[in-house]
Amino acid sequence: MIPLIGYTFATVLHTQRYLAPLLLFMGLTGVLTINGAGPLPAAYASSAGALFVCSTWLTIALMSLDDPTQRAIVVVTSGGRSLKVLLAAIGTALLSCLVLLAFGLVFPLWMGSHDVTPADLLLGVGAQLTCALVGIAIGVLCSRLVFRRRGYALVAALALVMGALFIKGMPPVNRLFTLMATTPDAAKLLAPTGGMLVIAVLILAVFTAVTQFVAARRE
């Protein structure tokens, strides 16, 4: 698994397909959190939203690094286990999001004026990780493995992202943002955020299973 993740990292760095989602994340985080003040939950909701969009785009880019022929070669080289290749791409996306998560955690503190508590930091980590996992899940499902036409993949990704963001009360993303926007006390949000994180893990597991099922039937 580690060599596959290393291969995926090397390929994405060489192709520079990470640049667009990275710049989007940096731009959104800067615009939404700079010179902020007051309770941190609202600021971390902005960081989490930026990471949600970025993780979706980054995952789709990672899943599209290899054309079908090259992917077949990678699968054979890894022992004929296509699931292992898929999990390596997901692992690469997750590790990349953890780096961005650290930036999203620190940047609002650096550029704004906030009173920081350990609960605030835990909330920031939990919220961003939840959004990253859901974004990765959407990126996996809307990848070339499921949608062979890029137009269909783009429409599906936009629909899922918009639905997760704007359908009122939809867990985990919209529900989490609503709680963080209306509750300034981070300590009261830790338990609900933990629940949203569990839902995000389940969504990623289901979307990964569906993607693997579709890809296996085609291959």
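Which residues of helix α8 are buried? The helix spans residues 173-182, and its buried residues are V173, N174, L176, F177, L179 and M180. Keep in mind that this is a predicted model. What covers those residues? The cover of the buried residues of α8 includes α3 (40-63), α6 (118-141), α7 (150-166) and α9 (186-218).

Next, two of those covering helices. How do α3 and α6 sit relative to each other? Their axes cross at roughly 25° and come within 7 Å. Angles under 35 degrees count as roughly parallel, so α3 and α6 are roughly parallel to each other. The crossing of α3 past α6 is right-handed. In the contact of α3 with α6, 17 residues are nonpolar, eight are polar and one is charged.

Now α3 from another side: its packing with α2. Here the angle is about 165°, and the axes of α2 and α3 are 9 Å apart. Angles over 145 degrees count as roughly antiparallel, so that is how α2 and α3 run relative to each other. The crossing of α2 and α3 is right-handed. Who meets whom? On the α2 side we have A20, P21, L22, L24, F25, L28, T29, L32 and T33. Across from them in α3 are A43, S46, S47, A50, L51, V53, C54, W57 and L58. By class, the contact of α2 with α3 holds 14 nonpolar residues, four polar and no charged ones.

Hold on to F25 from that list; we go to the aromatics now. How many aromatic pairs does the structure hold? Three. One of them joins F25 and F103. The centres are 6.1 Å apart, the planes are at 65°, and the pair is edge-to-face. F25 lies in helix α2 (residues 19-33) and F103 in helix α5 (residues 82-111), so this pair ties together parts that are 78 residues apart in sequence.

Buried or exposed, what about F25? F25 is buried, at a relative accessible area of 0%. F103 is partly exposed, at 28% relative accessible area.

F103 also pairs with F107. Why is that pair stacked? Because the ring centres of F103 and F107 are 5.1 Å apart and their planes are at 25°; planes under 30 degrees apart count as stacked. F103 and F107 are four residues apart in helix α5, which means about one helical turn separates them. In general, an α-helix has 3.6 residues a turn, so residues three or four places apart point the same way. F107 is buried, with a relative accessible area of 11%.

Last stop, a residue in α7. That is V155. V155 is exposed, with a relative accessible area of 56%. How far apart are V155 and A88? In sequence, 67 residues. In space, 25 Å from C-alpha to C-alpha.

To recap: α3 is roughly parallel to α6, and roughly antiparallel to α2. The F25 and F103 pair links α2 and α5. That's my tour.

Technical notes
Residues are numbered from 1 along each chain as its sequence is written. This is a predicted model: local features need pLDDT of at least 70, side-chain atom pairs count only at pLDDT 80 or more; totals for chains, interfaces and linings use all residues. Side-chain values use heavy atoms; hydrogens and water are left out. Buried means under 20% relative accessible area, exposed over 50%, partly exposed in between (1.4 Å probe, protein chains only). Helices (H or I, at least four residues) and strands (E, at least two) are DSSP runs, numbered from the N terminus. Contact means heavy atoms within 4.5 Å. Axes are lines fitted to C-alpha atoms, for helices over the stretch in contact, and angles run from 0 to 180 degrees between N-to-C directions. Angles under 35 degrees count as roughly parallel, over 145 as roughly antiparallel, 65 to 115 as roughly perpendicular and the rest as oblique. A crossing is left-handed if the near helix is turned anticlockwise from the far one by less than a right angle, and right-handed if clockwise. Ala, Val, Leu, Ile, Met, Phe, Trp, Tyr, Cys and Pro count as nonpolar, Asp, Glu, Lys and Arg as charged, and the others, Gly among them, as polar. Rings of Phe, Tyr and Trp (its six-membered ring) pair if their centres lie within 6.5 Å; planes under 30 degrees apart count as stacked, over 60 as edge-to-face and the rest as tilted.
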